[in-house]
Structure formats: structure tokens, C-alpha cells
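Subject: Structure for your review

Dear colleague,

Please find below the structure I am handing over to you. My notes on what was found in it follow directly after.

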Amino acid sequence: MGLPNIDASRLTKTLTTKPKELVDQKKLAFGKNFTDHMLCIKYTEDGGWETPEIKPYGPLEIDPAAFALNYSVQTFEGMKAYRSADGTINLFRPEKNMQRLATSSQRIMLPEFDQEQFLQCIKELVKVDERFVPNDYGYSLYIRPNFIGTEDNLNLQYSREALLYVYLSPVGPYFPRTVKLHANTKEVRAWPGGVGNFKLGGNYAPALRPTMEIVREGYDQILWLLGDDHYVTEVGTMNFFIFWTNTEGKKELVTAPLDGIILPGVTRDSLLELARKWGEFKVSERKVTMPEVLKALEENRMLEAFGAGTACVVCSVSEVLYNGKTYQIPVDPSNPNAVFGPLTMRLRKELLDIQYAKTPSSCIKWSCVQHERRAHAWAPGAWTTQAETELLTLITRLEAQGAVGRWDIVRKHVARVESHDKEDTNSARAKAAPAARSGVRIGEYVTEKYLQRGLPIDWGSTARAFGSSVAVCRTLYYQTRRAMREEQQASTKEQKQTRSTHYAPTGEFGLEPPYRARFSDTQMWLRANEVRTTVAATKGSDGSVDWATVAEQLGVSEEEALMLAHGAGAQVAADDAEWTVARRERLVRFVQQHKGVRWELVALYMRSSAGQCASEYTASVINKAQHGIQQRAANRKWTTEEQQRLVYAMTHRKQFRRLVEVAAHVGGGRSASSCNARWLNTRLLAAERAVTWTPAEEAALTEFVVRTPRLCLNATTLAAVQRELAPDRSPDQLRIVLTRIRARLESRARTAATADLERLQEAVNRHSQGSIVDWKSVGADLRVGAWFCWKVYNDRMIRGSLKVATPTRWSPDEVLRLRNAVAEVPSDANNRWFAVAQIVGSRSQTMCQSKAQRMGIV
């Protein structure tokens, strides 16, 4: 019998007594926050692998002479756990990480281990710290397995003792922007015959100094080169990809081959397999040198470049410094502010969809389902019919009485149920007690933390607070609310069917103790006939009663008059008319003026039933509150989280069939109409961004912007551009591309003018007559647009870099051009004064119109 290997069935767990507080997901940085527990498995050459142990996260006990500390006998891995929309937690191709860990450990003579059993232990660790797995798209739980030699021996030999340990860290996006690279021609990361293809700690420490040096210069990562021909290998800790049009004129995605220098990344292998599966372009694993990259940039064949790894997934490269010269790498020509290129974004989205289990079953299945959502005792299936009916009836009654959110009363009901359970543990109530208790806890938590404050419901925090999944919490909450509405509607319908013309009790003394505190039985007996007579005398032709007159004649308040009429059994005809807005406002005003009034008195006042009045009042108050929330939400910008929820809901319409359900999922008081409008705008913007412009169109539009000073993108200008330059494009598409071109030219002009202010000043002096400047000639001299020269000049003038040369008085030449322009442009033409200002050339349309009015030529 051999030595024992790792056995997940022997795993022991010692849970922490001091759990950590969860960090806000938006504040998560990479590798700075850790969970409550870690996994440790020791090995000795004589005893084999010991019992796996999950214990509280803390420092390791290791001898100072350990191999890991002296000879860097250590290897590690990086993998992630993702929470899908239904609460399931997934691992992404974990078997690949186990294989690479085993290969790396063999290279430094660490013992073999059972990969499947070790992976099972990691899954158990993730289950223990499940609450730390983030919920948002793009966030995950980073898993770091480490394998080190721990024998205390300074002889250079293999380690007879070892330790496998794993800890977890919730993380956010690694690079939320494009990265700038510094091509290193001095140091090398790996070399032929070395260990660059193994994930060893010794491969990373030597790269720290050159990396910190380039970071101080404003760059993000090193582009590692090798050999005299500067063979491109990796980017920092990532595999490097280039997407270009090769010398054969074909699109190609290329990355370095696994030749013993390149680390075989799991993300690298996944991206290559995805691209080959599409079959839309050539996918190659071959060597590429920096001269080839520079030649592609010069010939405009470079389309995109990006890095790929477990931590960052994929990130686009926007700039590289090589031999002291900076080269710009295209990201997305159609969007100057893009963080990802088109191919990078597509690969990233498809890979994340697989990792978060959003990919259809027909696609590649790489995600390993690590943990199904728990079957809680309070899940909807665990509710018995009797317990559910009792609990919902109680909540419905509270809402009918206007006590919305009074979960303290519901909690007392649950306490009574639990006390009854002690006497009869086999009853239906005993079986439903956990369900009622947990359901009340969720409702109380959501109401107090979010709804009463007018905030959107954060289901992720709610799920973590109750140790459950998002799907279970959301399902239970909305099922409860839906059942409450159905019960209320059924009760209202039954009350309408059984309504009679008598709404006060027929007995002479039908008052409850609160009424008897104001009127004794003797008072009620003596005044019963007087009350009935007064009520009958003040009835109108439609059966309505003037309660103010009744109160005045009886010498009591209006509320006390209702009490007396109710106790005396006064008959009031029912009002079967529909509940109008005015009638609801009258109801709300009466209830708010008489705090604590009984609904029987409200019913007598409104000539309706108590249940109908309570229902209408509750609906009016809730609608008013919801309207206020929606009004505030309409004036508030959409957050990233709301946008992500909206996109998810609208792309999963089988789950969210109605827009009302979409709005409930988005939260934040967003209405169904606002969600629909936001979705349409999002789709329109995405469609506009997806438009590709030919180089000829870009050149023509750029020339138009350059020769048009003070370009105004109004409907007339866009229509003219569409008619002359781009008949197949819509005005909205033209507005987007012209705005982008103008911003690019303005940036270029600012750079050129800032770099040579003397040339700008000379051009202004050369083409000015007194206080008038010919900006078209200035722009022609500097080879940029006249409008941009004018803008840069005025900016610098304000800052004091240039002399003031702003025109103040109209020259005779300008007055003559103005007269001719006013006579030439028809008075009924659209944007007449804009056209006049274009002809004058040096004045705005407001100045032209004002001057013409003073001259009396209009």
C-alpha cells in the first residue's frame, strides 16, 4: 500500500468566530481583500498527504530555513469563481489550472497530488465562504492555490516536506481602461531552455524593478522582447494578441507559440478556441517581431492588440513605447473613448457569458458548476397552504388598515405560531413556522433598508444577509407580494357583491370600547332618535349626507357625529359610482385629518364599505409614494448597476415578460415607460456606434469640417451634408461622426498651436487689419481649421499667452459684406443669420443681426 494521497472525504472544517464585514463591491480592488477561511494540506515524505483542513484565514507557521524561503521552491495558480444570475456559483475550466499546477510542481521537484480531490477541497472552501462571491457582472472571487516546499534544510536538494494552501479574494475589474506598454529591449522575462512556461514565483520577482521603473514613467506593463530581432513574447503577466491584416491581405489573430518561453494561459487557450470556432478569420500561433508590428502600423494594417489573463480577462492596448518613440495602437476608430476594441469586446463578452453561465447550451461548456443554490427551509416550495394563507391574510389586513410595513405585528404573529408549535409539532403551523419566520425577515429587511428610504432593492446584499441566493430571495418576496394583491382583489370583489344599503350596524349599541370612552350607553340611548332624525333631514337628493351640518346641529365634532350615527344605526344609501380622483382625494384628506379613525366611520362618511375604503386609501397612498419615487428617479441619472440590470432583463424576456417586471428588476423607482425608453436609446446608440465609415467618407467629412469655421450641427447643416456627401447616412449618424471629427481636429489643433504659439501669433498679425483677423487665412497657414485657430487663440489670449486682437468696431469692408449678405440671403430662409455670418466671416450671427438692425437694413 502506497502513501495516502489527498482525500476530500476526510476534509475537516474549523469556522471562524469573527466573520469579516463585506466590502462594497464597487470598492473592490484586486488582491486587497480576503475571505474568512483558507485551505491547508500538509505533506511529508514518510507520511504522505495529511488530512485537508479548512480553518480561519491567518498567518502560516513556517521554518526560516524552509526551501520556499531560501531557494524559491514555490509555485501557484490563479482561478476564479463566478456567481450567475440564478445564484449558482461556477468555476471556469478548473481542471486546466490543476494540470498546470501539477506540471509546475514537477519542474521544481514538489510531490505529486490527486488533482480531482484537491479541486473538490477547493470547491468546499468556496462553499464555506460563498457570501464573499460578488453578484455583479465583471466581479468574481479570485482563488489562489499555492504549493511550497517547507523542509528546514539548506542543502540544495528536493524538499521532503510541502504545503498546499488556498485562500480567496473578492475582486473587481483589473484594468478598467486601455493599457500603455513599454517595450523592454534590455531585460528579458524568459529564454529558451528556461522556466518561462511554468508558473513559478521565481519568474515574477525579477520583473518587479523594471516594471516599477516604467510605471513611474506613466506606463502600465512591459512588452517583453527576446533576441536581436526583438521577438514579441508576453505583456507583463499576460499573453499578448495582435489582430491585423497580414501581408497576404487577410485578417489574422496571432499570438506567440508555446515554445517553452510562453506561459500556457487558460484564458489564452480559451480565446484561441473561441476564435477558431467562429471561423471568420485566420488564427495563428507563430512568432512576431517588433519590426513586423511597426511595419503593420505604418501601413495601417494593425486593427487591435490586447492582453489576456485570468486577472484581467482581456484588456486593449492603446500605446507602445519602443526605442524611445511612441506608437499609437488602434482601439476602436469609430469611438475615440472606447475602452475595448470591437474584437476585444466580442471575445470578452463571450468569455464572460460562459463564465457567468449566460451562454446557451449549444455553445461551448467550459464552466464547471461548483455549487447549486441551496434548498432553504423557507423556499417557496416549503410553504404549506394553511400557513401561507394565514400569513398573507394577516399582511393583507395590515395593508387594508394603512399599516404598510408593520412587520413588527407580523413578527408577533410568527411568535404565536412558534409558541403553538411547542404544543403540536406535527401541525401545519409547526411545519410553516420556519417559512413564516424567514419570509417576515426578508420582508422586514427589504422594507426598512430600501423601500422606506426610496432606494432600489440590492438583492445581492439581501441574499448575503440571509445566506441564500439572489433568485430565492427575489422569488419569495415577489410571490408574497403577488399573493397579497390577489387576496386583496378577491376580498374587494366579495365586498362589492355583498354590499347592502345599510352600512351602519343595526344594533343600538354597536360601539367598540374606544367609542364608549366618549359616549356612554345612556347618552347613546337618549340621542339615538335625534341622531337618526338629523341624518335623515340633511340627506341630499342623491343620498349624500352633509356631516358638517349634522355635527353643528348635534353640537359635536364631525368625527363624533359619525360615531353617534354609527352607534345609532343611521341608514345611508350606498354610492355605487366609480372612484374618481376627486373622491380618492376626499378620502385621503378625511383619513389624514382624523388620525386613527375607524374604517367603519370612514365607510359611513364615504358611503361605501370599510374594506373598499381601506383598499382605495392604501392604493392612493402607495401610488402617490411610487409616483414621487418615479419622479425623483426620472430626474436622476442611470447608474451602471441599473443599466446592467436593464440590459439583463431586456435580453431575458422569457423571464421578464412584462415591462412592469423589468422595472421591478431594475429598481430605484424606475417606471416601465422609462425603462423602455432607456432601452430604446441604448439600442439606438449601440446601432450608431456599430456604423462603419469608409476612409473616403471620413476624408470628405474631415475636409468639410476643416473648411467650415464655427460649424453648427443643426438640422439644416446636417441635411446639406447628407445631400452632398453622405446620402446613405442618417442625420443622427452624421451628427455623431462630425462631432467625433471636430473633437479630433480640435485636439490636433490645440496640440499644434500650443507647441508653436509664435507661429500662431505671427499668422494672426500677418492676416489682421487693425482689429479684424482673417481666420480663414490663419487656418490655411497652419493647415488646420479656422474655427480651431480662433478657439485656441482666444483660450491662450485669456490665459495671457497671446496679445489681445479681438475685433471691436466694424470695418467698412465688413459693413459692405454685411449689406451684400443681407440682400443675398432670403428673409424667410432657415438659419438666415447663420448664413449671413458665414459670408461676413469674422462676426457671429448674433452680432450680424444686431448690426443690421441698427443700420436699418432689415
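Helix H30 (residues 832-840) packs against helix H31 (residues 845-855) at an angle of about 95 degrees, and their axes are 8 Å apart. The axes are lines fitted to C-alpha atoms, for helices over the stretch in contact, and angles run from 0 to 180 degrees between N-to-C directions. H30 is therefore roughly perpendicular to H31, a term that covers 65 to 115 degrees. On the H30 side the contact (heavy atoms within 4.5 Å) is made by Trp833, Phe834, Val836, Ala837 and Val840, and on the H31 side by Gln845, Cys848, Gln849 and Ala852.

Please note that the model is predicted: local features need pLDDT of at least 70, side-chain atom pairs count only at pLDDT 80 or more, and totals for chains, interfaces and linings use all residues. Residues are numbered from 1 along each chain as its sequence is written, and side-chain values use heavy atoms, with hydrogens and water left out.

The protein has 31 helices and 21 strands; these are DSSP runs (helices H or I, at least four residues; strands E, at least two), numbered from the N terminus. Of its 858 residues, 47% count as buried, where buried means under 20% relative accessible area, exposed over 50%, and partly exposed in between, with a 1.4 Å probe and protein chains only. Among contacts between residues at least 6 apart in sequence, 68% join residues at least 24 apart.

The largest nonpolar core has 37 residues, of which Leu39, Phe113, Phe118, Ile143 and Leu164 touch the most other members. Such a core is a set of buried Ala, Val, Leu, Ile, Met, Phe, Trp, Tyr and Cys residues joined through side-chain atoms within 4.5 Å. At least two residues of this core come from each of E2 (37-44), E6 (79-83), E7 (89-92), H2 (94-107), H3 (115-128), E8 (140-149) and E9 (161-171). H3 gives the largest share, six residues. Apart from this core lies another, of 28 residues, among them Val531, Leu562, Leu601 and Ala603. Beyond its neighbours within four places in sequence, Ile143 is in contact with residues including Glu77, Met79, Leu91, Ile122, Val126 and Val166.

Glu77 is also one of the contacts of Arg100, as are Lys199, Leu263 and Pro264, again leaving aside neighbours within four places in sequence. Arg100 is found in helix H2 and counts as buried, at 9% relative accessibility.

In helix H6 (residues 290-298), the residues Met290, Val293, Leu294, Ala296 and Leu297 are buried. Seen down the axis of H6, its buried residues fall within an arc of 160 degrees, so they line one face of the helix; the arc is that of the directions from the helix axis to the C-beta atoms. Their cover includes strands E11 (221-226), E12 (231-235) and E13 (238-245).

Asn300 lies in the loop between H6 and E16. Although not a glycine, Asn300 has a positive phi of about 60 degrees, and at 69% relative accessibility it counts as exposed. Ser72, in the loop between H1 and strand E5 (74-76), likewise has a positive phi, near 55 degrees. At 29% relative accessibility, Ser72 counts as partly exposed.

Yours sincerely

Note on methods:
Parallel < 35°, antiparallel > 145°, perpendicular 65-115°, else oblique.
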